[in-house]
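The sequence and structure come next.

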Amino acid sequence: MGANNGKQSGSEGKGSSSISSDLSSSTDQTSAKAPKNAATSEDSDISMRTLSTPSPALILPCSSPPLFNGSSTSSSSFTAETIAMVHSPPTGLTHPQRGLWQPKDQQGAPIDILPDHAFLQIFAHLPTNQLCRCARVCRRWYNLAWDPRLWRTVRLTGDVLHVDRALRVLTRRLCQDTPNVCLTLEMVVVSGCRRLTDRGLYTVAQSCPELRRLEIAGCYNVSNEAVFEVVSRCPNLEHLDISGCSKVTCISLTREASIKLSPLHGQQISIRYLDMTDCFALEDEGLHTIAAHCTQLTHLYLRRCARLTDEGLRFLVIYCPSVRELSVSDCRFVSDFGLREIAKLEGRLRYLSIAHCGRVTDVGVRYVAKYCARLRYLNARGCEGLTDHGLEHLAKGCPKLKSLDIGKCPLVSDAGLEVLALNCFNLKRLSVKACESVTGRGLQVVAANCFDLQLLNVQDCDVPLEALRFVKRHCKRCIIEHTNPAFF
């Protein structure tokens with residue numbers, strides 16, 4: 001790989017100069033902070049100046065310590081030091097003058113004897129910021145760290161991170177071998193980077209046509225237009241997490257992309273996994289558009305999308321019949337009519353969360369129990385209209401149930417737990433937190449029949465100590481969450 005260094009340096013010079021022109025406004029601030037020998041190193045090795053490795057400081061997580069001990073740094077100083085680290089050349093054993101002669105005990109570290117494939121296996125386990133650090137050690141590490149096989153995923157975190165700039169620098173470097181596009185990058189995770197804007201997503205959309213997974217949870221500055229651009233330019237996108245992106249109200253193709261598509265292709269998006277938790281502005285009309293374009297959806301999470309109603313769920317079932325996991329927790333307008341629509345998914349539905357949907361009663365649960373016999377997980381916490389009758393229908397209609405949360409359902413009692421235990425022998429997780437009518441008798445029946453029980457939540461329940469000990473004896477692997485100080 002060393003034989004190609006000269007050629008690579010020539011091709012990288014253009015990229016380095018363009019990055020410098022983009023960020024030249026802050027470079028003057030870093031001249032006083034640069035080490036004294038930086039000028040000497042820069043003059044003695046002009047070719048090394050072309051190595052435009054993105055700075056580790058550019059992609060440091062928010063939990064990293066301050067740049068200066070005992071004092072906080074402003075955004076401008078952070079940016080200036082970042083730029084200085086981007087353009088400073090790697091130094092070390094590859095320096096032409098320093099490599100002329102060295103004592104025997106300093107002629108090389110033991111790690112240098114490792115073959116390239118061993119380095120690649122080590123680098124494959126490093127996060128993005130650490131991989132950029134390794135690229136600054138020496139020329140050999142630089143070439144190895146930028147091996148395309150290591151850049152299928154980019155993960156960036158941190159509130160203070162200039163994520164738009166970081167994505168621009170990284171994609172520009174990854175596009176050097178294939179101009180304007182990065183064919184290797186398949187996953188981008190920038191969750192929690194609150195400074196991400198539409199500009200950063202435009203960079204991803206234009207540079208990463210092979211993108212398959214995008215996570216931008218908590219990036220509340222992102223709007224519909226940027227999301228439209230990503231799904232239109234990345235036809236292989238299957239996993240999209242935009243939870244907490246409160247400005248996003250819909251997912252669709254751009255107008256230009258819709259015009260270019262042939263009638264046979266339609267206007268469909270290949271997304272299968274979609275998380276829109278805390279997208280408060282999502283309404284039935286937006287869900288209708290999403291369902292009409294994302295017909296291949298199998299996992300959909302709409303927690304706390306409080307404006308959704310039963311009408312939106314009707315559109316979802318019509319266009320997306322393959323949904324396996326669905327969450328409408330805290331959607332207060334969802335009622336039994338919505339569950340009747342959800343029940344039309346029938347045996348394909350495996351996961352359902354209707355927590356804190358106050359309008360759901362035994363009637364809606366009965367629809368689900370009758371048609372969704374393969375249901376494995378149900379979260380009905382806070383559904384105060386659920387009683388022992390609804391629990392009985394659920395137990396008999398969904399015998400393969402493995403996880404059930406009926407906490408804060410005051411009308412559920414020991415009678416419902418007994419029917420559950422006699423029908424759902426594979427139950428592994430059960431929560432009856434704050435169920436005032438549940439006592440030790442019902443829990444003992446559960447423990448005697450559900451031997452594989454692994455988690456039991458009885459917090460804020462009036463359960464005697466003897467019943468807890470009975471559960472522990474019969475379900476030895478069970479973790480019991482309780483509020484009884486006498487049990488340990």
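Helix 9 has 8 of its 10 residues buried, so it is largely enclosed by the rest of the structure. Buried means under 20% relative accessible area, exposed over 50% and partly exposed in between, with a 1.4 Å probe and protein chains only. The model is predicted: local features need pLDDT of at least 70, side-chain atom pairs count only at pLDDT 80 or more, and totals for chains, interfaces and linings use all residues. Residues are numbered from 1 along each chain as its sequence is written, and side-chain values use heavy atoms, with hydrogens and water left out.

**Helices 8 and 9**

- The buried residues of helix 9 are N224, A226, V227, F228, E229, V230, V231 and S232; helices (H or I, at least four residues) and strands (E, at least two) are DSSP runs, numbered from the N terminus.
- Helix 8 (residues 198-207) packs on helix 9 (residues 224-233) at about 5 degrees, with the axes 9 Å apart; axes are lines fitted to C-alpha atoms, for helices over the stretch in contact, and angles run from 0 to 180 degrees between N-to-C directions.
- The two helices are therefore roughly parallel to each other (angles under 35 degrees; over 145 is roughly antiparallel, 65 to 115 roughly perpendicular and the rest oblique).
- Helix 8 makes the contact (heavy atoms within 4.5 Å) through D198, L201, Y202, A205 and Q206, and helix 9 through E225, A226, V227, E229, V230 and R233.

**Aromatic rings**

- The whole structure holds 7 aromatic pairs, where rings of Phe, Tyr and Trp (its six-membered ring) pair if their centres lie within 6.5 Å; planes under 30 degrees apart count as stacked, over 60 as edge-to-face and the rest as tilted.
- F123 and W141 have ring centres 5.6 Å apart and planes at 70 degrees, so the pair is edge-to-face.
- This pair joins distant parts of the chain, with F123 in helix 4 (residues 116-123) and W141 in helix 6 (residues 139-145), 18 residues apart.
- F123 counts as buried at 3% relative accessibility, and W141 counts as buried at 13%.
- One aromatic cluster is formed by Y273, Y301, Y351 and Y377.

**Helix 15**

- In helix 15 (residues 388-397), D388, G390, L391, L394, A395 and G397 are buried.
- Their cover includes helix 14 (362-371), strand 9 (377-379), strand 10 (403-405) and helix 16 (414-423).

**Confidence**

- The chain averages a pLDDT (the predictor's confidence in each residue, from 0 to 100) of 81, and 76% of the residues score at least 70.
- Residues 60-89 have a pLDDT below 50, and this stretch has 57 contacts in the model beyond near neighbours in sequence.
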